[in-house]
Amino acid sequence: TDVPDPTIFPPMQGHFLQPVHSDIFGPKGTNKFWTNWLVASGEDMAIFPMPYALKWRELNVGSSELTVSHGPPILAYGTEADTGPDRVRYYLTPFISEIALGAVEEFVMGDYAVVKEGIFGVHVETRGPAGTGRKVTYPIFSGMA
C-alpha cells in the first residue's frame, strides 16, 4: 500500500497513546468499551459495558474496589433546528456508586491489568502485594445484565 494523499489525510504527530495495564501481548483491541482503562489518562474514568458503568475506587486501606453504577440515563431531546423534537440529541448517565466489589485483604492500589481480551469483553485482574499470590479476576462483558 502507498502512503495516503497528505492533502486528504494530513499526517498527525504525537497522537500515539502507549497502552498501560495490559498483560496482553501484541495488538490491542481499539474502540472497545474498556479502552479508558488501557491508557494512562483514562485510568480513573468509568467504562460502560451497558447497562452498567464501572469505575475503580481507591480505598485508604491499601486496596481498591470496582464500583458499579446503574442510574437512569438523562435524555436531552433535540429541537426543530437540529435532530427534531421527538429524537434524542444526546444522553448522559451520571456515575453514582451503588455497589462495590473488592476484597478485605490488602491489594496494591491501582494495580490492575487486562489479562484476557475478547470480542465482547475482558478479564481484568487486581493483584496483592508481591509474594502473596493474591488476585481477583473480574470478567467484564458487554450487556452484563
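Welcome to the tour, which opens with a count: this model holds 5 salt bridges, a salt bridge being a side-chain nitrogen of Lys or Arg within 4 Å of a carboxyl oxygen of Asp or Glu. Side chains of opposite charge can pair when their charged atoms come close.

Before you click further, know that this is a predicted model, in which local features need pLDDT of at least 70, side-chain atom pairs count only at pLDDT 80 or more, and totals for chains, interfaces and linings use all residues. Residues are numbered from 1 along each chain as its sequence is written, and side-chain values use heavy atoms, with hydrogens and water left out.

**Stop 1: colour by confidence**

The pLDDT is the predictor's confidence in each residue, from 0 to 100. The protein averages 87, and 97% of the residues score at least 70. Helices (H or I, at least four residues) and strands (E, at least two) are DSSP runs, numbered from the N terminus. Confidence is lowest in strand S4 (residues 88-92), with a mean of 88, and highest in strand S8 (residues 135-141), with 94.

**Stop 2: the salt bridges**

Select Arg 89 and Asp 82: their side chains meet in a salt bridge at 3.4 Å, N to O. Buried means under 20% relative accessible area, exposed over 50%, and partly exposed in between (1.4 Å probe, protein chains only). Arg 89 counts as exposed because its relative accessibility is 52%, while Asp 82, at 35%, is partly exposed.

Now select Glu 125. Is Glu 125 buried or exposed? Glu 125 is buried, with a relative accessible area of 11%. Its side chain meets that of Arg 127 in a salt bridge at 3.0 Å, N to O, and Arg 127 is partly exposed at 22%. Another salt bridge joins the side chains of Glu 125 and Lys 135 at 3.7 Å, N to O. This pair links distant parts of the chain, with Glu 125 in strand S7 and Lys 135 in strand S8, 10 residues apart. Lys 135 counts as exposed, at 53% relative accessibility.

**Stop 3**

Step to Val 124, in strand S7 (residues 121-127). Val 124 counts as buried because its relative accessible area is 0%. Contact means heavy atoms within 4.5 Å. Leaving aside neighbours within four places in sequence, the contacts of Val 124 include Trp 37, Trp 56, Tyr 112 and Ile 140.

A nonpolar core is a set of buried Ala, Val, Leu, Ile, Met, Phe, Trp, Tyr and Cys residues joined through side-chain atoms within 4.5 Å. The largest one has 15 residues, and among those with the most contacts inside it are Val 124, Ile 140, Leu 54 and Leu 66. S1, S2, strand S6 (112-117), S7 and S8 each supply at least two residues of this core. Select Ile 140 next: not counting residues up to four places away in sequence, it touches Ile 47, Pro 49, Phe 120 and Val 124, among others.

**Stop 4: an open sheet**

Two strands pair if DSSP finds at least two bridges between them. Which strands form the open sheet? Its 3 strands run in the order S1-S2-S5, with antiparallel pairing. Strand S1 (53-59) and strand S5 (99-101) are the edge strands, each pairing on one side only. Strand S2 (residues 63-69) and S5 pair over 3 bridges. To finish, select Val 68, whose bridge partner in S5 is Ile 99.
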